[in-house]
Amino acid sequence: MNTTQLECFMSVSNFLNFSRAAEQLGLTQPAVSHQINALEDELGVKLFYRTSKRVRLTQAGHLFSQYAREILSLSRMSKARLKEGQESSVVRFGIGCRSFLELRLLGPVLGELRKEFPQLLPVLRLVPFDSLENLLEDGDVQVMFTFQETAPKRAVYRELSRRAVVCVCGKDHPLAACDQLTIPQLREGERFAAYPPHSAPPTLLAAQGQIITGRSPDQICFCEGLETLYTLVEAGFAFAVIADLPQLSMLEIRTIPVQEFPALSYGVSYRAGEMGPVLRRFLARMEEFFQTGGAGA
């Protein structure tokens with residue numbers, strides 16, 4: 001079934017005359033008859049009673065005319081909407097995030113970009129890390145936050161800041177009294193919340209492996225996402241070892257440096273050859289944001 005068949009059907013049902021329908025549609029009468037016959041064959045019913053003197057709708061034809069009208073209306077509406085979208089001056093800019101903390105980074109920067117690009121419409125995607133990489137590769141997002149260790153290999157990586165590896169725990173947790181911590185001290189800690197392995201930099205996975213070794217299963221909380229980890233830590237059920245991500249200060253937790261590990265490179269990735277004006281200004285604004293300490297960098 002196609003729209004040509006439906007338009008032929010609606011025109012014939014309106015005029016009850018194949019010649020006048022063909023004239024209105026700019027087709028030949030045999031062409032209109034062919035479309036109606038093909039439609040009837042597909043539906044398995046007769047839509048018109050036809051004689052040499054008269055054409056009229058069958059009962060099935062009356063019923064089908066309601067559906068045909070709705071289908072054609074929806075088809076025209078969808079074409080019009082798509083055309084409006086193509087002609088729109090809105091500039092969509094996709095940004096990929098792995099956690100709500102990364103979303104919180106964007107407020108001040110996007111506020112400045114809105115002033116520079118009035119036509120800008122940010123499209124914010126909060127999805128698991130592997131899916132986010134696919135969105136970047138497919139062009140559904142133009143930039144994504146990432147650590148250098150886990151940056152997509154076929155994308156361009158740009159560092160925004162160096163982030164320390166820290167222990168995070170509730171403010172009344174036994175570890176909260178320490179100014180610095182070591183792996184041996186963390187092994188003696190209480191319940192541990194494990195960082196999601198699909199998005200963890202290798203440095204953090206190595207730290208977790210050393211802390212988890214020898215622990216009983218009921219002393220480990222394997223978290224499916226960072227939000228789960230932060231919630232357990234904030235509520236005092238566990239401690240964790242993570243990178244000192246921007247905006248951690250918004251949570252009711254304590255962050256304590258871990259001595260054995262170097263700082264991690266944190267930044268954004270984008271596809272090579274796609275440095276448009278919005279992406280260029282976004283990168284510049286993000287760098288300014290970190291350099292001025294806007295995220296505690």
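Reader: Which residues touch the most other members in the largest nonpolar core?
Author: In this predicted model, Phe-145, Leu-186 and Phe-282 touch the most other members of that core, which has 64 residues. A nonpolar core here is a set of buried Ala, Val, Leu, Ile, Met, Phe, Trp, Tyr and Cys residues joined through side-chain atoms within 4.5 Å. Buried means under 20% relative accessible area, exposed means over 50%, and partly exposed is in between (1.4 Å probe, protein chains only).

Reader: Which element gives the most to this core?
Author: Helix α10 does, with 7 residues. Helices (H or I, at least four residues) and strands (E, at least two) are DSSP runs, numbered from the N terminus.

Reader: What is Phe-282 in contact with?
Author: Leaving aside neighbours within four places in sequence, Phe-282 contacts Phe-93, Ile-95, Leu-106, Val-109, Leu-113, Val-143 and Phe-145. Contact means heavy atoms within 4.5 Å.

Reader: Before I go on, what are the ground rules on numbering and confidence?
Author: Residues are numbered from 1 along each chain as its sequence is written, and side-chain values use heavy atoms, with hydrogens and water left out. As the model is predicted, local features need pLDDT of at least 70 and side-chain atom pairs count only at pLDDT 80 or more, while totals for chains, interfaces and linings use all residues.

Reader: Back to Phe-145. Which way does it point from β5?
Author: Phe-145 points one way along with Val-143 and Phe-147, while Met-144 and Thr-146 point the other way. In a regular strand the side chains alternate between the two faces of the sheet.

Reader: How many residues of β5 are buried?
Author: Strand β5 (residues 143-147) is mostly covered, with 5 of its 5 residues buried.

Reader: What does β5 pair with?
Author: Strand β3 runs parallel to β5 and is joined to it by 2 bridges; Ile-95 has Val-143 as its bridge partner in β5. Strand β12 (residues 264-271) pairs with β5 in the antiparallel sense over 4 bridges, and there Met-144 stands opposite Ser-269. Two strands pair if DSSP finds at least two bridges between them.

Reader: Where is Cys-97, and is it buried or exposed?
Author: Cys-97 is in strand β3 (residues 91-97). Its relative accessible area is 0%, so Cys-97 counts as buried.

Reader: And what is Cys-97 in contact with?
Author: Neighbours within four places in sequence aside, the contacts of Cys-97 are Glu-102, Leu-103, Leu-106, Arg-125, Leu-126, Val-127, Leu-132 and Phe-145.

Reader: Switching to charges. How many salt bridges are in the whole structure?
Author: The search finds 14 salt bridges. The criterion is a side-chain nitrogen of Lys or Arg within 4 Å of a carboxyl oxygen of Asp or Glu.

Reader: Which parts of the chain does the pair Glu-116 and Arg-285 link?
Author: The two side chains meet in a salt bridge at 2.8 Å, N to O. That pair links distant parts of the chain, with Glu-116 in helix α5 and Arg-285 in helix α10 (residues 277-291), 169 residues apart.

Reader: What about Arg-285 and Glu-288?
Author: Their side chains also form a salt bridge, at 3.4 Å, N to O. Both lie in helix α10, 3 residues apart, about one turn of the helix. Glu-288 is partly exposed, with a relative accessible area of 35%.

Reader: Which residues make up the network?
Author: Salt bridges that share partners join Glu-112, Lys-115, Glu-116, Arg-281, Arg-285 and Glu-288 into one network.
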